[in-house]
Amino acid sequence: MKNKKRLIAIFILTIFFISQLAIPALAISGQKDETVYVNLDSYGNIQNTIVVNAFKVPDGGVVYDYGNYQSIKNLSNTNDPQLQNGLIIWQAEPGSTFYYQGVMENAELPWTFEISYNIDGKNVTPEDLIGAEGDLSINIKAIANSLADAYFRENYLAQITVTLETDKCKNIIA
């Protein structure tokens with residue numbers, strides 16, 4: 001009987017501690033927006049991946065998030081986070097929107113990209129473009145990445161931006 005009471009007490013305490021660990025996950029439920037910015041090199045390989053997270057701060061003024069970032073930067077105030085094995089805890093103004101960014105290492109995107117270049121109809125390398133003149137065509141091919149989670153491949157959108165010097169580039173057609 002004594003062992004049975006002890007087992008029940010241990011079970012209750014275990015449930016209590018597990019429920020306390022789950023509270024941070026519930027605190028951000030439905031209140032997070034995330035935007036991923038990826039810079040590619042001239043061949044379409046990933047150079048860096050920056051994730052910007054936005055939270056509607058709950059009444060308690062504490063924001064919980066999970067992530068494995070190489071570095072993080074507060075974009076809203078001067079507070080430093082508490083870091084605990086992938087858990088990121090921020091203090092922020094209740095009712096405000098809080099932003100921070102994280103730099104990811106070895107990010108796996110839902111797509112891979114192939115970039116090819118043509119000058120006057122001839123296929124050229126990015127290095128050949130330096131100082132070149134002629135009718136330039138840049139082709140960017142987005143390919144579903146079979147290594148990435150199918151949910152992201154099928155439900156997310158990629159916006160691709162190419163920066164061109166408009167004093168040197170004319171007749172730009174997308």
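Predicted model: local features only at pLDDT ≥ 70, side-chain atom pairs only at ≥ 80, totals over all residues.
Two strands pair if DSSP finds at least two bridges between them. Helices (H or I, at least four residues) and strands (E, at least two) are DSSP runs, numbered from the N terminus.

With that settled, strand β5, residues 82-84, pairs with β6 in the antiparallel sense over 3 bridges. Residues are numbered from 1 along each chain as its sequence is written, and side-chain values use heavy atoms, with hydrogens and water left out.

Now the overview. The protein chain has 2 helices and 10 strands. Along the sequence, the pattern is α-β-β-β-β-β-β-β-β-β-β-α. Of its 174 residues, 23% are buried; buried means under 20% relative accessible area, exposed over 50%, partly exposed in between (1.4 Å probe, protein chains only). Take contacts (heavy atoms within 4.5 Å). Among those with a separation of 6 or more, 56% come from residues 24 or more positions apart.

Back to β6. Where does this strand, residues 87-91, sit? It is largely enclosed by the rest of the structure, because 4 of its 5 residues are buried. Its hairpin with β5 has 2 residues between the strands, and there N85 takes a positive phi near 50°. Q84 has L87 as its bridge partner in β6. Strand β3, residues 62-66, also pairs with β6, antiparallel, over 5 bridges.

One more buried spot. F55 belongs to strand β2, residues 46-56. This phenylalanine has a relative accessible area of 2%, so F55 is buried. F98 is 43 residues away along the chain from F55, yet their C-alpha atoms are separated by 5.2 Å.

Next, charges. Side chains of opposite charge can pair when their charged atoms come close. The rule here for a salt bridge is a side-chain nitrogen of Lys or Arg within 4 Å of a carboxyl oxygen of Asp or Glu. How many salt bridges does that give? The count is 3.

K32 meets E34 at 3.4 Å, N to O. K32 also bridges to D65, with the closest N and O atoms 2.8 Å apart. K32 lies in strand β1, residues 32-40, and D65 in β3, so this pair ties together parts that are 33 residues apart in sequence. D65 is buried at 2% relative accessibility. K32 is partly exposed at 29%, and E34 is partly exposed at 46%.

The other pair is E165 with K168, closest N and O atoms 3.4 Å apart. E165 is partly exposed at 46%; K168 is exposed at 63%. Shared partners join K32, E34 and D65 into one network.

On to the open sheet. Its 3 strands run in the order β9-β8-β10, with antiparallel pairing. The edge strands are β9 (122-124) and β10 (136-144), each pairing on one side only. Twist averages 35° from one strand to the next; axes are lines fitted to C-alpha atoms, for helices over the stretch in contact, and angles run from 0 to 180 degrees between N-to-C directions. Strand β8, residues 111-119, pairs with β10 over 9 bridges. Opposite L136 in β10 stands I119.

Last, I172. This residue lies in the segment after α2, 150-155. I172 is partly exposed, at 48% relative accessible area.
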